[in-house]
Amino acid sequence: MNFEQFNLDARLLKAVQQFGYTTPTPIQEQAIPHLLAGRDLMGLAQTGTGKTAAFILPILQHLTTGTLRQPRALILAPTRELAEQIYEHSHALGKFTPVRSTAIYGGVSKNKQIDRLRRGVEIVIACPGRLLDHIDSGTIDLSHVEIVVLDEADRMCDMGFLPDIRRILKKVPQRKQSMFFSATMPDDIRKLSQSILKNPAEVQIDMNAPAKTVSHALYPVPTDKKKVILFSFLQQTGTGRVLIFTRTKHRARSLGRDLENKGFNTVVLQGNMSQNARQQSINSFKAGKADFLVATDIAARGIDVQDISHVINYDMPDTVDAYTHRIGRTGRAEQTGEALTFAVQEDADQVYQIEKVLKTKLERRRLAGFDYGSFEPERQFPGRSAQHSQPKRTNYNHGSGGNHSQNRNKRSYSNRSN
Ligand code: AMP
């Protein structure tokens, strides 16, 4: 299958080529024909599957005909980062067409957004809160919307956006094409989708199953040794770009500081940072200036960084869904990645839940050469096999060229002769 087979506008095909896509991903292959035919769609798919292009391309195709300079497609997303990422895709894939997009979210100037809306756009990508602000102040007119997308609907509900979404949907015409994307399908999400979608086509990509290119491991750890185990792991393992999740903003800040003090080139992404500071962190991580990003779930939502070698759950995620989303950050686009989760005794129930949903036991590991004292990792979470971690034998090529990267590469080489 190739993109030509969708009969897309030549300007879109050109952009697809420039973007570097050659073969459609499974969700694109399944969803695009339905969407081009104007059908509603329920897409069960996690981030990393290519779902953004799966809905953006048909939207752009639709908007290449008809009136310009009024919002005709509305995409709702839970976080600024995700909205920004969808905007980047929409902008890049639509660059040879006259279709314009804009992203609308809080934390940045409202006036600039008003100005952009006045000058005219066809695609609005918005977080619910700021969009309602614009609706209430009469600075956006949604009466010409023909297509609505709810992206990461489960997360929007988790974040309490459901009442906002209902209010927003009252402002768009009844007659429209609707698309609904969600990584999971709890009852409230199914009900919401049923109230919105009319006779939808359904596509499902690896529901609740993280990318197959990710290997998972569980590291039982004593609470008071989490940090030293993390440092030891990073020191003895050849890692590339590493994304580390903490439970709270405070823990993200403090772990980021400690890593930096240990000589790991680290940036932090957490909800208390200004939009500018967040963007700076993402940019340095993307550009390879920092090899380590410490983030909270919400802040990291939707960030699109290629080549993440390790996702480390320094703190156990609160939900299975959050686990799936976090580790969806590695192993993207057919590259292999590793996901490791530190588990303390209180996490036992959550480990059980994750394994139940994933229908697999996470491999138990202990960090080779680390003195656990009287703590016996294998006894905490009896599992398939208690293996010793093997430092990864990859020689990652870092853009930063910092000390840590160089040392790490040396370590990777020396591992090779083991
Ligand atoms: P998404 O699931 O939309 O967040 O996409 C995950 C990543 O895959 C993004 O970096 C996309 O740009 C990339 N991607 C999407 N479609 C394709 C494709 N057909 N070929 C290669 N990469 C793609």
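Contact here means heavy atoms within 4.5 Å. With that in mind, start with the whole chain of this predicted model. Residues 24 or more positions apart account for 74% of the contacts that have a separation of 6 or more. The chain has 418 residues, and 56% of them count as buried. Its accessible surface comes to about 17,900 Å², with 46% of that belonging to carbon and sulfur atoms. A cartoon view will show 17 helices and 15 strands.

**Stop 1: the seven-stranded sheet**

Select the strands β1 to β7. They form an open sheet, and reading across it the order is β3-β4-β2-β5-β6-β1-β7, with parallel pairing. At the edges are β3 (101-104) and β7 (201-204), each of which pairs on one side only. From one strand to the next the twist averages 15 degrees.

**Stop 2**

Which residues touch the most other members of the largest nonpolar core? Select Phe55, Leu57, Ile59, Ile75 and Ile123; these are the ones, in a core of 41 residues. Next select residues 51-63, helix α3, which gives the most to this core, with eight residues.

Centre the view on Ile59. Leaving aside neighbours within four places in sequence, Ile59 is in contact with Ala73, Ile75, Ile123, Ile147, Val149 and Met179.

**Stop 3: helix α11**

Select residues 249-261, helix α11, and draw a distance between its end C-alpha atoms. At 1.5 Å a residue, the 13 residues of α11 should span 18 Å, and the end C-alpha atoms are 18 Å apart, which agrees.

Which residues of this helix are buried? In α11 they are Ala252, Ser254, Leu255, Gly256 and Leu259. Their cover includes α10 (226-236), β9 (241-245), β10 (266-269) and β11 (292-295). After the helix, pick Gly263, whose phi is positive, near 95 degrees.

**Stop 4**

Leu243 stands opposite Val311 in β12. Six of the six residues of β12 are buried, so this strand is largely enclosed by the rest of the structure.

Two positions show the pairing: Asn313 has Thr341 in β13 as its bridge partner, while His310 has Glu338.

How many of the residues of β13 are buried? Seven of its seven residues are, and the strand is mostly covered. Colour the two faces separately to see how they divide. On one side are Gly337, Ala339, Thr341 and Ala343, and on the other are Glu338, Leu340 and Phe342; both faces are covered.

**Stop 5**

Most residues other than glycine have a negative phi.

Select Asn7, in the segment before α1 (10-19). Its phi is near 60 degrees, a positive value in a residue other than glycine. Is Asn7 buried or exposed? Exposed means over 50% relative accessible area. Asn7 has 66% relative accessibility, so Asn7 counts as exposed.

Finish with Glu152, in the loop between β5 (147-150) and α7 (153-158). Glu152 has a positive phi of about 50 degrees, although it is not a glycine. Buried means under 20% relative accessible area. Glu152 counts as buried because its relative accessibility is 2%.

Key: Residues numbered from 1 in each chain as written. Predicted model: local features only at pLDDT ≥ 70, side-chain atom pairs only at ≥ 80, totals over all residues. Heavy atoms only, no water. Pairing = 2+ DSSP bridges. Helix = DSSP H or I, 4+ residues; strand = E, 2+ residues; numbered from the N terminus. Axes fitted to C-alpha atoms, helices over the stretch in contact; angles between N-to-C directions. Buried < 20%, exposed > 50% of the residue type's maximum accessible area, 1.4 Å probe, protein only. Areas by Shrake-Rupley, 256 points an atom, 1.4 Å probe, with all protein chains shown as cover. Core = buried A, V, L, I, M, F, W, Y, C linked by side-chain atoms within 4.5 Å. Expected span 1.5 Å × (residues − 1).
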